[in-house]
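Hi everyone, thanks for coming. Today I'd like to talk about aromatic rings and their neighbours. Let me put the structure up.

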Amino acid sequence: MAMKSSDLPLKRIARGKVRDVYEVDADRLLLVATDRVSAYDVVMAEPIPLKGAVLTQLSAWWFGQLGEAVQHHMISADGDAIVAAVPALARHRGEIAGRAMLCRRCTVFPIECVIRGYIPGSAWREYAKAGTLAGETLPAGLKESGRLDPPIFSPATKAESGHDENITVGRMREVLGAEVTAELERLARLVYGKGRDIAAPRGIIIADTKFEFGHTASGGILLIDEVLTPDSSRFWPADGYAPGRPQPSFDKQPLRDWLDVERHAGRWNGEAPAPALPTEVVDATSRRYLEAYRRLTGRELVVR
């Protein structure tokens, strides 16, 4: 069963395109990943079954894989443990099953830390036109979807609505300072490198990804939000990879492909509201998310 929105007996302090954020107390937040889905900055009316559980449980799995390499905000993504820690949720156990994460509270840095190991999409379009990424010159001769070695650290501003905007590392230093910028880049590269190495033998290329970080009152830096999921990353099947063209991906590609057809046929102007999604598009998108989870973790998703 899909969840389009949550309604919990806690103070809701934010509602994003996908997540509802609740205040537990001064030190903890509850993040609930719904099954809402957006494309081209428009939230669809139809939810994607189990998408929120995939995002939450895959992030929890990655936090476990990272071990002591980086500190993170997750306390628990287990429903029983969350209810034990927050008794007010006892009657909402079914609603939070699989899709809620209890987290340490922190102050979020206003910069997305993007790591690009390959050059597809908007990054390729800028490079093909100007030979740059966020205004910074890249080597000549790159191919669409080609591997970048070493990967590029490409920060972006966090947009409340619409697209994030790529910025230079120099601009990031102006916003956060040189020391914090250097540490966030180090951590982002570290997590991406570990993720890439774990995903490779499972047949998945992590082409690019974005991370968010926050800091505690004592100054500690935490990796926050979702990590290496199909929403925050571009996953490609390794067995079909070929540079010089776009690649298939384990995310909402079936949805985007269908919307592209609707737009080109003049049935959608690219703005809200989006046209109603056919059942087969919803089902295909759900299967794509579940397959990404299965390939990476080696197990089927169990919501509990």
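Let's begin with Tyr241, which counts as partly exposed at 25% relative accessibility. Please keep in mind that this is a predicted model. Tyr118, on the other hand, is buried, with a relative accessible area of 7%.

Now, how many aromatic pairs are there? The count comes to six. Tyr118 and Tyr241 make up one of them: their ring centres are 5.6 Å apart and the planes stand at 75 degrees, and because an angle over 60 counts as edge-to-face, that is what we call this pair.

Where do these two tyrosines sit along the chain? Tyr118 belongs to strand E9, residues 111-118, while Tyr241 is in the loop between strand E17 (233-237) and helix H7 (253-264).

Next, please find Trp124 and Tyr127. Their rings form a tilted pair, with 5.7 Å from centre to centre and 40 degrees between the planes. Both residues are in helix H4, residues 121-130, and because they are three residues apart there, about one helical turn separates them. Are they buried or exposed? Trp124 is buried, and Tyr127 is buried too.

Last stop, a charge and a ring. Which ring does the charged end of Arg263 sit over? That ring belongs to Tyr40, and the charged end lies 4.9 Å from the ring's centre.

That's my tour, and I'm happy to go back to any of these residues with you.

Definitions and conventions: Residues numbered from 1 in each chain as written. Predicted model: local features only at pLDDT ≥ 70, side-chain atom pairs only at ≥ 80, totals over all residues. Heavy atoms only, no water. Phe/Tyr/Trp six-rings, centres within 6.5 Å; stacked < 30°, edge-to-face > 60°. Helix = DSSP H or I, 4+ residues; strand = E, 2+ residues; numbered from the N terminus. Buried < 20%, exposed > 50% of the residue type's maximum accessible area, 1.4 Å probe, protein only. Lys NZ or Arg CZ within 6 Å of the ring centre and 35° of its normal.
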